[in-house]
Amino acid sequence: MKSVIIGQYIPGKGLFYRLDPRTKIIAVLLIMIAVFLLESITHLLIGFGIAFMLLIIGRISVIKVIKGLKPIMILLIFTFIFQIILNREGEMIVNHEMYLTLYTALFLVLAFVVWRVLVKFTRFRFTMFFLFVAGVYLILRYVDFGYQLLSPFNFQVYEAGLRMSAFVVIRLLIIITLSTVLTLTTKPTNLTQGLEKLMHPLKKIGFNSEDFALIISISLRYIPTIFDEANKIMLAQASRGADFSEGKLKDKLKQVISLLVPMFIIAFMRSEELANAMESRNFVPGNKRTRINELIFSYRDVIATAFSVLVLALAIVLKVI
Amino acid sequence: MGIRFNQVSYEYPSFAEGLYSAIRNINLEITEKNEFIALVGHTGSGKSTLAKHMNALIFPTSGSLEIYGNIITAKRNRKVKYNSIRKKVGLVFQFPEYQLFEETVEKDIMFGPMNFKITQEEAKKKAKEALNLVGLDDSYLSRNPYNLSGGEKKRVSIAGILAMDPDILILDEPTSGLDPAGRRVLMNLFQDINKKTGKTIVIITHDMDLVYQYFNRVLVLNDGNLIFDGEPEKLFRSEDLIKYHLDYPNTIKVLSHLNKELHLNLNIYQKTLEEALEEIKRGGLL
């Protein structure tokens with residue numbers, strides 16, 4: 001759980017930490033729209049460069065962001081592969097004959113075993129995965145001797161497929177980088193406060209942004225607490241012989257129930273206690289509340305907003321031309 | 001046999017300080033028979049962490065411990081059957097809410113024994129026995145554990161472990177949140193079990209009166225270090241108790257106060273109220 005960077009705030013200093021959360025939300029939103037408007041790959045690459053520049057300006061560790069990308073990486077790889085294989089428009093670029101013979105199958109199994117073993121003992125999981133994929137490709141391509149299990153088939157890559165897959169991947173990368181910068185540099189409480197202020201005008205159509213912000217901040221606040229409680233319950237039940245890492249599937253089912261029931265009961269107890277605590281401190285839903293830390297819109301925010309508006313305007317201009 | 005700690009340390013990851021060490025270099029031996037041990041220390045001194053090591057719920061970050069011949073180290077070992085350790089060493093948690101989950105008290109108490117592969121009838125019998133042991137009658141068997149009072153929940157959770165019939169019983173503050181009468185009932189029960197079956201019992205407590213009255217061995221933890229291991233009376237004879245955020249039992253406090261104010265020469269080391277009263281009478285005050 002701890003390695004998940006997405007949506008996690010990491011304390012630090014730098015330009016983005018000092019920006020108003022409202023500015024950051026708006027800027028990220030505008031730049032995202034701009035990214036979706038771009039149509040050529042060079043423009044997208046420039047966009048990616050800008051996103052990268054923002055990381056450097058904000059003095060955010062690139063390694064941290066890359067680590068944060070890890071869970072998304074699988075998604076990116078799959079979109080990439082599917083786009084390449086399934087998109088058959090434009091010119092054909094690669095046309096390789098692939099074979100699946102008895103020996104190929106054997107080599108594939110061997111490659112798989114080697115990959116799994118290496119993953120267990122080394123730290124470079126993603127590198128290993130790429131090496132494995134490359135190995136599979138080479139085996140399919142060049143091992144053409146032996147008894148044929150399938151008639152040879154063609155591995156084809158079309159120009160549009162390549163372009164589209166690069167397009168989608170870069171677009172996703174920019175969006176994820178930007179949102180990671182947002183959550184990495186903004187405290188959840190500030191984020192919800194920013195959202196609350198931004199959605200304030202929606203009150204006219206009956207949407208109460210303050211309640212919404214409160215709901216979000218309470219749920220965020222309780223995620224670690226609930227994890228803590230779950231851990232305690234797990235230990236208490238393990239102490240009664242329900243160890244989750246031992247035992248058969250049938251036993252495990254019962255053990256899950258022994259975890260879930262106390263979990264719900266404790267969550268309900270907690271929420272009731274919280275409600276009482278809030279009420280005894282005079283919280284009345286819907287009443288106007290003041291804040292200890294008011295958001296301040298400074299000159300930095302003006303610059304940042306202007307920059308994002310500029311980016312969007314540029315994207316629109318490019319689209320129209 | 002029993003439990004042997006060998007240079008056991010445990011560290012929690014903590015945001016502020018990197019690693020927060022809960023217990024440090026603990027060397028300790030608990031034999032499997034006839035021991036009645038109190039584990040004391042101020043809040044945050046590592047008592048619960050130490051207790052969780054005793055039935056291999058958590059593993060030491062350094063050092064090792066031996067529980068009934070099973071060596072427990074930082075790494076999980078496939079050969080060690082952790083579940084069977086928990087059958088031998090039962091740990092009752094401080095808050096019963098973390099373990100009660102069935103619709104009836106009976107089913108809940110049966111959960112532990114059933115995890116160790118015994119028949120339903122046998123588990124039912126054990127549940128009933130355990131419930132009676134903790135001072136609740138059979139009418140509780142069919143009740144919903146969540147509709148009980150705090151003290152009753154506590155007793156049911158203790159019964160849940162007793163029904164597993166462990167060789168060593170560890171209880172994390174079993175008497176907290178109970179009224180004085182209930183406290184005495186439970187302490188007498190533990191003493192009874194200890195005397196009749198010879199099971200070793202370890203109890204975490206803050207109540208120095210209980211420590212003095214009931215136990216023959218006391219372990220004191222201070223900031224994760226084991227600073228005392230011996231008889232309670234020896235502990236209370238030492239001067240630096242206050243330094244460790246501990247207190248003297250009421251009998252000692254009252255008698256020494258009398259000694260000081262009235263310039264008497266009473267023997268202040270009296271375990272129970274009755275003995276204290278006798279001593280006061282002997283001193284000619286009554």
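Before I say what covers what, a word on the term: two residues are in contact if their C-beta atoms, placed from the backbone, lie within 7 Å. Please also keep in mind that this is a predicted model.

Let me start with helix 5 of chain B, where 11 of the 13 residues are buried, so that the helix is mostly covered. The buried residues include B:Lys153, B:Lys154 and B:Arg155, and also B:Val156, B:Ile158 and B:Leu162. What covers these buried residues includes, from chain B, strand 6 (89-92) and strand 7 (168-172), together with helix 3 (105-115) and helix 4 (120-133). As for its length, 13 residues at 1.5 Å a residue should span 18 Å, and because the end C-alpha atoms of helix 5 of chain B are 18 Å apart, the two agree.

Two of those covering elements also pack on each other: helix 3 and helix 4 of chain B meet at an angle of about 115°, with 8 Å between their axes, and the crossing is right-handed. Helix 3 of chain B brings residues including B:Ile109, B:Met110 and B:Met114 to this contact, while helix 4 of chain B brings, among them, B:Ala127, B:Ala130 and B:Leu131. By class, the contact has 9 nonpolar and 3 charged residues, with no polar ones.

Turning to chain A, we have domain 1 (15-208 + 286-320) and domain 2 (209-285), whose centres, taken over C-alpha atoms, are 33 Å apart. Their contact takes 14 residues from domain 1 of chain A and 10 residues from domain 2 of chain A. On the domain 1 side, these divide into 5 nonpolar, 7 polar and 2 charged.

Note on methods
Residues are numbered from 1 along each chain as its sequence is written. Chains are lettered from A and ligands numbered from 1 in the order in which they are written. This is a predicted model: local features need pLDDT of at least 70, side-chain atom pairs count only at pLDDT 80 or more; totals for chains, interfaces and linings use all residues. Helices (H or I, at least four residues) and strands (E, at least two) are DSSP runs, numbered from the N terminus. The expected span of a helix is 1.5 Å times one less than its number of residues. A residue is buried if 20 or more other C-beta atoms lie within 10 Å of its own, exposed if 12 or fewer, and partly exposed in between; C-beta atoms are placed from the backbone. Domain bounds come from an automatic or database domain assignment. Ala, Val, Leu, Ile, Met, Phe, Trp, Tyr, Cys and Pro count as nonpolar, Asp, Glu, Lys and Arg as charged, and the others, Gly among them, as polar. Axes are lines fitted to C-alpha atoms, for helices over the stretch in contact, and angles run from 0 to 180 degrees between N-to-C directions. A crossing is left-handed if the near helix is turned anticlockwise from the far one by less than a right angle, and right-handed if clockwise.
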